[in-house]
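Notes follow in the order I took them.

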Amino acid sequence: MERLPYIDEHAITIDANRDDTWAALLRVMCRDPHDPSTVPFGFVLDEANPPARFTLRGRHWFAVYRWVFELDALDEPARTRLRAATWAAFPGIHGKAYRALVIGTGGHRIVVRRTLKHVAATVLDSRAQTGETAADYVDVFEVPIAAGDVRTAEQSFRDGLGDRPGMGGNLVLWIHRNVLRLRLGPSRSSGHLIGWPIVRSDPDELVLATRGPLMRGELTLRRQDGRRAVLITRLHYRRRVAARAVWALIGPLHRMVAPRLMRRSTRRGITESALT
């Protein structure tokens, strides 16, 4: 296939070895995870080199494209950096218009990042156990940590919440208590955050956990390598039909609020590092 112009690259760190990450990638990208050639419509398999590289290619009237996933083993054996790079050409006037629609609007970036998060959630969901069953819902959000940011995981979480909960924080607390029906303590104390009890607080990891009649949940914030912070949400449905229906309504709000909390914490860390 011809050499194509580089478009972009996105990445996520996953707490799993390359073999487990590769298996999760195939579960997300292939109709049959045991057959790498069963890729999504619009693509054909270009290369499958487990557990290091998975490449798709394709073309249509307005574009020629290549999507490359690379799995890099990190210093620790049970962690992998999954990268997704895109190359594409958009020939002719119609191709330029299509590029503006796909790339210029940010739609491509959203799809790639969502795919990476889906892979991370899939590998975590297959491994993580809280009690007797695997999680029914998992999501992962990641942000970089500023150079010189030495805050603990708990302080980073508290900084993301801000000094006062405000209207948005009060709304989240109300939803958790009255819609998700979770058992909550004080909104914020030495042993609680957003009403969730703190079950573990180490310098590089904070774990919050609570439960209610519909579901039980776990929020984990990890500082990894002093370079990135990862927030993982796991839910275990106790009343599966009702919990799934409720989370279908509340989940989109959570996926808006959680990244904002992480970005706010990052800005606070940058400010404190600059002052230091």
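I took a nonpolar core to be a set of buried Ala, Val, Leu, Ile, Met, Phe, Trp, Tyr and Cys residues joined through side-chain atoms within 4.5 Å. Buried means under 20% relative accessible area, exposed over 50%, and partly exposed in between, with a 1.4 Å probe and protein chains only.

The model is predicted, so local features need pLDDT of at least 70 and side-chain atom pairs count only at pLDDT 80 or more, while totals for chains, interfaces and linings use all residues. Residues are numbered from 1 along each chain as its sequence is written, and side-chain values use heavy atoms, with hydrogens and water left out.

Entry 1, cores. I found 32 residues in the largest nonpolar core, where F157 and M215 have the most contacts inside it. Helix α6 (240-275) gives the most to this core, with seven residues. I then listed the contacts of F157 (heavy atoms within 4.5 Å). Leaving aside neighbours within four places in sequence, F157 is in contact with L193, L206, L208, L221, L231 and L261. Another core, of 28 residues, lies apart from the largest one and includes L26 and F54.

Entry 2, strand β13. I checked burial along β13 and found ten of its ten residues buried. Both faces are covered, with M215 and L221 among the buried residues on one side and R216 and E218 among those on the other. Two strands pair if DSSP finds at least two bridges between them. β13 pairs with β12 in the antiparallel sense over seven bridges, and L206 stands opposite L221. Ten bridges join β13 to β14, also antiparallel. The β13-β14 hairpin has three residues between its strands, and D225 in the turn has a positive phi of about 60°.

I located R228 in strand β14 (residues 228-237). Is R228 buried or exposed? R228 is buried, at a relative accessible area of 10%. The side chains of R228 and T13 are joined by a polar contact of 3.2 Å. I counted N or O pairs within 3.5 Å, where within protein one atom must be able to donate a hydrogen and the other to accept it, and residues adjacent in sequence count only if both atoms are side-chain atoms.

I read the strand order as β1-β5-β4-β3-β2, with antiparallel pairing. β1 (6-14) and β2 (44-49) are at the edges with a single partner strand each, so one side of each has no neighbour in the sheet.

Technical notes:
Helices (H or I, at least four residues) and strands (E, at least two) are DSSP runs, numbered from the N terminus.
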